[in-house]
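Try each task before reading its solution.

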Amino acid sequence: MSDLAAMRLLLQQWIAEDSRIAAPGGRWAVQRAADRRVIGGAVLLPLPPGNEDWEMGWQLHPDEWGHDYAEECTFALASWAFAHGLDEVFTVVRPGNTRTAAAVRRNGMHWVGETRKYFDLDLQVFRLRAGDLDRAAHEGHQPPGYTDT
């Protein structure tokens with residue numbers, strides 16, 4: 001965001017959109033437990049087109065990367081989704097975003113392929129089913145050429 005006014009406008013738009021999102025969807029602030037500082041945001045939203053598939057995702061301030069907050073977001077969002085009746089959730093990742101791909105794999109998400117179905121972008125698709133939530137993703141499916149670095 002370029003400034004506080006732009007962020008306020010975006011938040012107002014999100015609040016209006018959230019009133020139309022079916023449960024269990026939504027947007028949440030991510031707060032660090034130790035000091036309650038907001039360090040990012042998380043979403044559980046239906047994916048276009050068709051709003052049949054549900055995406056979970058997060059954005060964290062770069063200073064907070066590497067502290068396992070992405071994994072905590074993945075676990076919390078998936079737990080919320082499954083507790084509210086969803087059978088599976090997806091995360092879509094740009095092919096070069098190895099940090100996010102590694103984070104979702106650590107929480108048991110399985111790579112299921114690449115698509116342009118969502119947002120008309122080339123994206124890798126990772127899926128998590130309720131029974132997979134506690135499994136180690138390193139035994140799961142990995143994208144072509146994946147190396148754990």
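**Exercise 1. Find what share of the chain's residues is buried, and describe the fold order.**

Solution. The model is predicted. Start with burial: of the 149 residues in the chain, 39% are buried. Next, count elements: there are three helices and six strands. Along the sequence they run α-β-β-β-α-β-α-β-β. The chain exposes about 9,100 Å². Carbon and sulfur atoms supply 52% of that area.

**Exercise 2. Locate the largest nonpolar core and say which element gives the most to it.**

Solution. The largest nonpolar core holds 26 residues. Met 56, Trp 58, Val 89 and Leu 128 have the most contacts inside it. Elements giving two or more residues are β2 (38–46), β3, α2, β4 (88–93), α3 (98–106) and β6 (123–129). The top contributor is α2, with seven residues. Another core, of six residues, lies apart; Leu 47, Phe 90, Tyr 118 and Val 125 are among them. Now check Val 89. Beyond four places in sequence, its contacts include Leu 44, Met 56, Phe 82 and Leu 128.

**Exercise 3. Decide whether Glu 64 is buried or exposed, then list its partners.**

Solution. Finally, skip neighbours within four places in sequence: Glu 64 contacts Arg 32, Arg 37, Ile 39 and Tyr 69.

How values were computed
Residues are numbered from 1 along each chain as its sequence is written. This is a predicted model: local features need pLDDT of at least 70, side-chain atom pairs count only at pLDDT 80 or more; totals for chains, interfaces and linings use all residues. Side-chain values use heavy atoms; hydrogens and water are left out. Contact means heavy atoms within 4.5 Å. Helices (H or I, at least four residues) and strands (E, at least two) are DSSP runs, numbered from the N terminus. Buried means under 20% relative accessible area, exposed over 50%, partly exposed in between (1.4 Å probe, protein chains only). Accessible areas come from the Shrake-Rupley method with a 1.4 Å probe; for residues, only the protein chains shown count as cover. A nonpolar core is a set of buried Ala, Val, Leu, Ile, Met, Phe, Trp, Tyr and Cys residues joined through side-chain atoms within 4.5 Å.
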